[in-house]
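User: I would like to learn how to read a protein model feature by feature. Could you walk me through this one?

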Amino acid sequence: MVRMIDLYSQYLGIKEEIDRAIDTTITTSDFIGGNAVVEFERALSSFLNVEHIITCGNGSDALLLSLMAIGLKKGDEVIVPAFAFASVVEAVALLGGVPVFANVNHSTFAIDPASIERMVTKRTKAIVPVHLFGQPCDMKQIKDIAETYDVVVIEDNAQSLGAKCRLSSECEVYAGTIGHIGYTSFFPTKMLGCFGDGGAVFTNDNVLADRIRAIANHGQHRKYHHEYIGINSRLDTLQAAILKAKLPHLPDWIESRQKAARYYSAALKNIEQLILPLEVPHGTHVYNQYTIRMPISLRDGLKTELTSKGIQSMIYYPTPLFNQPAYRNICVIDPMMSDCETLCRQVLSLPMHSELSHNGQDKVIDTIQTYITRMS
Ligand SMILES: Cc1ncc(COP(=O)(O)O)c(C=O)c1O
């Protein structure tokens, strides 16, 4: 079996460190708000070079907290990409906001800055660029647009923790640390995954940080003094302890994923029916996903063929968000939207993780080559 991701092998590689972290948490039994939470927040803050890290229950909550903290109200518009995970629009809709779907570039899967600019109105409160599959959006352009129209930028970095954005020839910073707020998810399959759900918000803004921390804790700074309408969203001590043990390994895991991506690309580049991931000059790709495109007529058959050979693959995402029943009647769509339905029918994500062996990749490559030769 060639898995999309092999969490157990990753665990075995650092078993002692993880087991120690779990043992210590059980021994201290401070399961909520224990030392490991503060220590992990400090470690991530220093890794990302960002002032404040506020951990929370998951990546979806991280956006909800961020939108609550900027005071999103009923009728406020939030510009989001049409091709992304649903949580990006969920939080907007939950708060009575209007999701405004911007176009995406089919080669990079990133939100298109020109579409953002077309869709800004007086009601636009925020833009949520999603650094999809491991590669940052063009944050220089997005930041310039946000400054021009005075809107908040909240970066979704759920899939790209550790990716870098080049803002100029001298300035390279981590994705997620450029907007007013950034956030990530520690869902097990993410770049830095815990053993359950987890998330974090990043910001350099003291006021926003203070508010987000309070909102995540029932709107209180002091116990039983509820300054804001809040929610309960926290990272368990156990998850924080695990993440603290895993964080130092993130750069190596990124390198392994990048090597695996190069291996795929070298082997698949001559198959003319395939479009391989495009690496942009304004950032580094950390390959949370290795996502290829191909003619619609080949995609589902290839997926079936891979499955029959014991190879997992995934379709991220089968439907544009504006076509989802929950959102299609409450959203605004860029009138110049490209054909996202076609994009959704072309994409296929191949097994990708830090423990992926050449042997496993060769099976994937051979299956793809054989299938495409047979079909042409
Ligand atoms: C791009 C993106 N944003 C947000 C999320 C939400 O994160 P979580 O599952 O931790 O709520 C995900 C998770 O899959 C995601 O892929």
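User: Among contacts between residues at least 6 apart in sequence, what percentage join residues at least 24 apart?

Analyst: Let us start with the ground rules. This is a predicted model, in which local features need pLDDT of at least 70 and side-chain atom pairs count only at pLDDT 80 or more, while totals for chains, interfaces and linings use all residues. Residues are numbered from 1 along each chain as its sequence is written. Two residues are in contact if their C-beta atoms, placed from the backbone, lie within 7 Å. Here 72% of the contacts between residues at least 6 apart join residues at least 24 apart.

User: How many helices and strands does the protein have, and what does its radius of gyration say about how compact it is?

Analyst: Helices (H or I, at least four residues) and strands (E, at least two) are DSSP runs, numbered from the N terminus. The protein has 13 helices and 14 strands. The radius of gyration is taken over C-alpha atoms, and the globule rule is 2.2 Å times the number of residues to the power 0.38. The radius of gyration is 21 Å, close to the 21 Å that the rule gives for 376 residues, so the protein is as compact as a globular protein of that length. Along the principal axes, the C-alpha atoms fill a box of roughly 70 × 55 × 45 Å.

User: Is helix H4 mostly buried or exposed?

Analyst: A residue is buried if 20 or more other C-beta atoms lie within 10 Å of its own, exposed if 12 or fewer, and partly exposed in between, with C-beta atoms placed from the backbone. In H4 (residues 59-69), eleven of the eleven residues are buried, including Gly59, Ser60 and Asp61. Across the 376 residues of the protein, 46% count as buried.

User: Which residues come nearest to the ligand?

Analyst: A residue is near a molecule if its C-beta atom, placed from the backbone, lies within 6 Å of it. Of the 15 residues around the ligand, Asn58, Gly59, Ser60, Ala158 and Ser185 come nearest. H4 and H5 each supply at least two residues of this shell, which divides into six nonpolar, seven polar and two charged residues.

User: What should I look for in the backbone angles?

Analyst: Most residues other than glycine have a negative phi, and most peptide bonds are trans. Asn49, in the loop between helix H3 (35-48) and strand S1 (52-56), has a positive phi near 60 degrees. Asn49 counts as exposed because 11 C-beta neighbours lie inside 10 Å. Asp150 has a positive phi of about 55 degrees and is exposed, with 8 other C-beta atoms within 10 Å. The peptide bond from Tyr316 to Tyr317 is cis, with omega near 5 degrees.

Notes. Nonpolar A, V, L, I, M, F, W, Y, C, P; charged D, E, K, R; others polar.
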